[in-house]
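Please keep the structure in view while reading.

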Amino acid sequence: MLKRLELINFKRHKRLAVDFTDGLNLITGPNYSGKSTILQAILYAFGGPRAVPGGKSVVSTKGGEGPTTCTLIFEIDGQEYTVNRKGNSATVWKGEELQAKAASTVSTYLSELLGMDMRRFHQLRYGEQKETEALLTLGAAELHKIIQEVSQVDVVEKAITYCSAVISETKGALSALPEEDIKALEQEVEDLNSELTQAYAMLGQLREQAEAADKQLEAANAELDIADRQNAETKSRQRARQSMESDLDKLIDRDKELSTLQVRDIKELEQTVEELEPLLAEAMTQQKYAERMVHDLRAAAGTVESLKTRLEDTERLLAEKQAELAAMPVMPPAEAEEKMLESVVSEKAVLETRLAELKVAKETSFCPTCKRPYEDDPAHLESLHKDIDTFTKRLSQLDQEDSRYRARIAEIKLHKTSREKTEAMIGRFQYTQESQHRDLEEAQATHAELLRDDWGGKLVAAGKESTELSARLSEVKPELTQAIQLQAERAEVENRIADISTTLKQLPADFNFIPIEPLENKIEQTRDIVYQSKALYSEAHSNYTGEYAKLSVLKSRLNDARSVEAKRGTLQRRNGTAQGLVKYLRANRDRFVSEVWDGIMGYASEFASSSTGGAIEQVIRTESGSFAYVEHGEEHPVEAASGAQKSIMGLGVQLALAQMLPTSLPVLLLDEPGADFDPERALAVTSLLAAEQSQLVMVSHRELDGAVASNTIALGG
Ligand SMILES: Nc1ncnc2c1ncn2[C@@H]1O[C@H](COP(=O)(O)OP(=O)(O)O)[C@@H](O)[C@H]1O
Ligand SMILES: [Mg+2]
């Protein structure tokens, strides 16, 4: 349904907006007010400039400013669409969604949306001013084309072509299908199946047998294990007993051996040891004592010898010193020389004092005695000089004497001293000699005393005795040790004999071994059975598997054959259907066309009859394809009809065709269809149209038409 049209600079409409409703939309107004332009604008919206007589050049308003703009809003199946053409560009919207841009794509989109191309839409949905009967004079070819569309004869042609293709294709496919004897295959599958069922049952039995044999083998093995374990235990018990018995034998032998040994009495041996040991100790003490004595004797002999030597040394030295002393001169005492020295010394002292005085006098030239200077008395001075001289000479003489006396005294003293020394030494030697002599005597006494016993002999005897004793002890002691050991060993051996005998009495003496051989034979036999049954099973199994695989192959072959058969059936059915269809389509094609024409003519006749109040009884189509009508029972060519009659018949044919070729936008645009009618007739036609069509946009200058309009669009001058 058309809803709204908006125009800017479209022909004489600089700016125009029109709303449409369903039912009859009547456009009224004076001549040249732009009524026809509105219908053209609607066609322009759908098909562009080509839809308008004169095309693009005549569309835009003369002297108008800006591009020509045409916006049409319409609704299909409750969905609103907006198509907009502005200058050279175009858009179409479905609700808010842009569907196409650019003039050509928009036109394509719209013709697809309407369900027919714009030329056909124009032809069937638009009745141009003064061209209402156009369809009556349409060429046979164009009419045929419309009828083909209406009756879908071209579809029939296409179907025939398609079916012929299907026929040849299915023929080819059928001849390509392989031939397979399904019955034989099915029999084969069935046979194999039943064979396999039996084999399967057999397989189960064989498996059970193999499993049973396995179990038997397991049991036999377990039995052997138990027997082995028990035998091992028995064996170890037997070994224990044997080893004990052999131990016992050995011990008894040893005991016998021990009892035959000549073992001396331990007590006796102990006593002997007890006796010998103190004797040995005594002998050793003696030996030691004798040793010491021998040592002492040797020492005493040594002492005597050394003392003798020393005494001899002392005596020799003494003799030497005595000889020395005898050789020394005997000096008189030094008394006289000491007296002489004393007088010399005193004289020297006097003279030295006198000379010192004289020398002072000489220095001072003053005589201390006379208390006068010497100058006054030369003789005196000369006497002084003479005195000094005399005194000096005498002093020198005295000095010589002093030295001589002193040397003599020293010599005497030296002699005396060395003599005294020698004498002292002699004294000492004599003393030493005496003491050494005493010592020697003492040592000789001791030596003699020691010599009195035969310590050497005693030492030898004691040594011999202790050697003998210790030899005897070393014989007896091991004997004693051995006797003790043997006694202990015997006790031990007897203890052990008693122990083992007790144990042996408690141990079982007979040993029962489980015979192994029969068990092993049984295992061997069972194993053979296992092998055989397993071999049987595996052979049967592999046979079964092989047969099963064969069955699978057969089954798949059978399946293939069945599907081929199904396909063959399908192909044959298709081929048959196609052939039947072709036959039917060919036979009925012409009938369809004439039926369509009958329908169209029936509708047109009805319309014409209603609109003319029965004056036109029937509209028909002649053999040649042109239109004719029946009036008062007589057939006339359409050219013979009045303008109004032609208009009515044209409208009838148009409505019939429009009915037969439906569009998604069922609107009819009519420009003054009833121009040639008288007013009543016009109203009748208008009413009829308004009743038949869901939406009608019609230009009319007849005011009466307003009575049946549901929407009137009145344009000004
Ligand atoms: N491009 C144009 N610009 C302006 N006016 C135009 C244009 N084309 C046609 N017209 C004018 O529009 C009028 C024709 O309009 P039309 O729709 O046929 O009127 P009606 O159908 O109401 O008689 C004429 O007056 C014509 O001069
Ligand atoms: Mg007009």
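Six strands form an open sheet in the order β2-β1-β4-β5-β6-β7, with antiparallel pairing. Helices (H or I, at least four residues) and strands (E, at least two) are DSSP runs, numbered from the N terminus, and two strands pair if DSSP finds at least two bridges between them. At the edges lie β2 (13-19) and β7 (97-101), each of which pairs on one side only. From one strand to the next, the twist averages 15 degrees.

The model is predicted: local features need pLDDT of at least 70, side-chain atom pairs count only at pLDDT 80 or more, and totals for chains, interfaces and linings use all residues. Residues are numbered from 1 along each chain as its sequence is written, while chains are lettered from A and ligands numbered from 1 in the order in which they are written.

Strands β4 (residues 69-76) and β5 (residues 79-86) run antiparallel and are joined by eight bridges. Thr 69 has Lys 86 in β5 as its bridge partner.

| Helix | Strands touched | Angle |
|---|---|---|
| α1 (residues 35-47) | β1 (2-10), β2, β4 and β5 | about 100 degrees with β1 |
| α3 (residues 103-114) | β4, β5, β6 (89-94) and β7 | about 35 degrees with β6 |

Helix α7 (residues 182-260) has 79 residues and spans 113 Å from its first C-alpha to its last, close to the 117 Å expected at 1.5 Å a residue.

Terms used:
Axes are lines fitted to C-alpha atoms, for helices over the stretch in contact, and angles run from 0 to 180 degrees between N-to-C directions. Two residues are in contact if their C-beta atoms, placed from the backbone, lie within 7 Å. The expected span of a helix is 1.5 Å times one less than its number of residues.
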